[in-house]
Amino acid sequence: MQMAISPGRDASFSSQKSALSESPRTKRFPLTEEEIFYMNCRAAYLTVFKSSLENIISKEQLYLALQHAGRNPSQKTINKYWTPQTAKLNFDDFCIILRKEKPTSKAELLKSFKQLDVNDNGSILHTDLYKLLTKRGEKMTQEEVNAIISLADVNADGKFDYIKFCKVYMTTNEQCLKTTVEKLEVDSKLRRQQFGSHIEGSPERDPSPVPKPSPRTIRKTDQETFSNKGDTRSSLLAATRKFKTSVSFTITMDVNSNRNSKLTEPDSIKEWLCVQSKGCFFLEEDGEIISHQYRMQIVQRSMVYLTIKPLNLSQVEGKPSPWLSVDTTLYILKENENQANLQLMCFTELRNGEVFGWTGELGPGIYWLIPSTTGCRLRKERKPITEEAQLVYRDETGELFLTKEFRSTLSDIFEVIDLDGNGLLSLEEYNFFELRTSGEKCDEDAWAVCRDNFDTKKNELTRQGFMDLNLMEANDREGDPRDLWVTLHSMGYNKALELTEACPFIIDIYADKCKPRIKAVHMEACSGQLEKAICKSVLNKGNARVMDGYEDIIVHTYKHDTWITSVIENKSDNKVIIHINNELSKNCVNNRGLNIFAVEVAPKSTMVCQHVMPLNERQEWIYYCVYSLMS
């Protein structure tokens, strides 16, 4: 039933609902080729240096910067630009070099290798490769050659598979350049810098002129024409030096592997005290996942049983329910002196169907409950929606109504945001919804307007009141559903009203000595404290493998019955780039959505590299991954 509302009284409340849809988006124009070139130059330079005002002061720095720009400089190439008279090069010099030294193409790289392939079968014997690289032309050391023939994903049976190497190499170059550009784009400090003589401008302006070279650059070098074709052996040497060492993992997971860690309820669970809360994972436009986070209080040492699982909503016949197959985990951290100092206690690693749980003893104190999902199954939807669902209609009198399908969807949304499950929405619960859909909170005055105009009980909004609130929004826009769609998309629904980019969940907590208290306090990205918790759990429980010859670089792999997580630990004082190749895995999907990619690990740090799960749990899955340290 539509409720009579004073236009003046509801203005403050309804204005918050439409704020997001009315905010103008910043117009973006396509970048010119010149701007793309300079952006790539900046990204590569700032991967090596803190500022573009810093100079290159050694051959090693020049070599590294060129590699980050996707080039494969041989020693001969480096010597052309760094002569005995060269003391330093600036950013403008670097740009000039990049204009002259074009990236090696896959065809050129293959041609270099084919000259050594006497049998024309796509591979080179290790003995022949060893002779070429250590005896002729620009020589490599024995250790460097051993590193090449130990790369697990391109070597087998005493042969070097150069076709696979070229594919991996080119993909790695592209990924590294993409990573450096993305890092530059998100760093506002770097975006605001002036890079050499090139000042970042708007797309409407003419591209900046080619910068003049520094007087320190040798004039003879400027007049020469350089290309990557030259000495094919030099190209081969430059390419093979890309990888320093590698380590591989092979794990075969049986169909019935999840029976090994079966979750069982405590025998006396019916006598324990219980509390419950709901929440939701939301998939952002950039692929990041955010969710509710909770504080839990235990006042007396107790045996505790915690579970988390996807929330079962009313399912329309024939409509998919993809969120029910999303994996859910709960990390439990204890708060010590302050919120910043959290101690990982446990996580819900036991499983029974879609339920993940943990049983153990917890002492009195404040705990943080941080939900997690690997992201392997909660991913951006790719299928096109051919027909948009109708949200509202008018009857013969012209009165506006919500369609049956939209009302059903709103009822499901109500179930998700009713965190305590009492059938009513408190101001706190409603504000999580508001923050998600409009980016703002509803204040006490606006809530008073809501209470006066919509059905409430004990200062909380009923399901009918929530329906009428959305009908009011449709009436405010004279039936235009655009604001309603903003809300639906924010909550994870597509144009067919299918929940595809969110996963609601429910947490149950039982304790034998006291009733736990739980409260949702944040809705944040699944990073930060969660990343630390995952890294610590993998380091504690996983299998560690040291990179051969680089004892400070360690790959930790944790095998759960449902997923595999890898963490890279960098104990060195320098950042490292690790190339990851999953191409030989079978029946697997990872959270990054790429079989081949590269990650940058900061010095003295650990990072979650990837999560891997089976595409089909009813079939065997094989995890085969090669981690290579890049030069």
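Modeller: The count comes to 19 aromatic pairs, where rings of Phe, Tyr and Trp (its six-membered ring) pair if their centres lie within 6.5 Å. This is a predicted model, in which local features need pLDDT of at least 70, side-chain atom pairs count only at pLDDT 80 or more, and totals for chains, interfaces and linings use all residues. Residues are numbered from 1 along each chain as its sequence is written, and side-chain values use heavy atoms, with hydrogens and water left out.

Biologist: Why is the pair of F249 and Y627 called edge-to-face?

Modeller: Planes under 30 degrees apart count as stacked, over 60 as edge-to-face and the rest as tilted. The planes of F249 and Y627 stand at 90°, with centres 5.7 Å apart, so the pair is edge-to-face.

Biologist: What makes the pair of Y430 and W447 tilted?

Modeller: The angle between the planes of Y430 and W447 is 40°, at 5.5 Å centre to centre, so by the cut-offs the pair is tilted.

Biologist: How do you know whether Y430 is buried or exposed?

Modeller: Buried means under 20% relative accessible area, exposed over 50%, and partly exposed in between (1.4 Å probe, protein chains only). Y430 has 0%, so this residue is buried. W447, at 1%, also counts as buried.

Biologist: Why is helix α14 called roughly perpendicular to helix α17?

Modeller: Angles under 35 degrees count as roughly parallel, over 145 as roughly antiparallel, 65 to 115 as roughly perpendicular and the rest as oblique. Helix α14 (residues 427-437) and helix α17 (residues 482-490) pack at about 105°, with axes 9 Å apart. That makes α14 roughly perpendicular to α17.

Terms used: Axes fitted to C-alpha atoms, helices over the stretch in contact; angles between N-to-C directions. Helix = DSSP H or I, 4+ residues; strand = E, 2+ residues; numbered from the N terminus.
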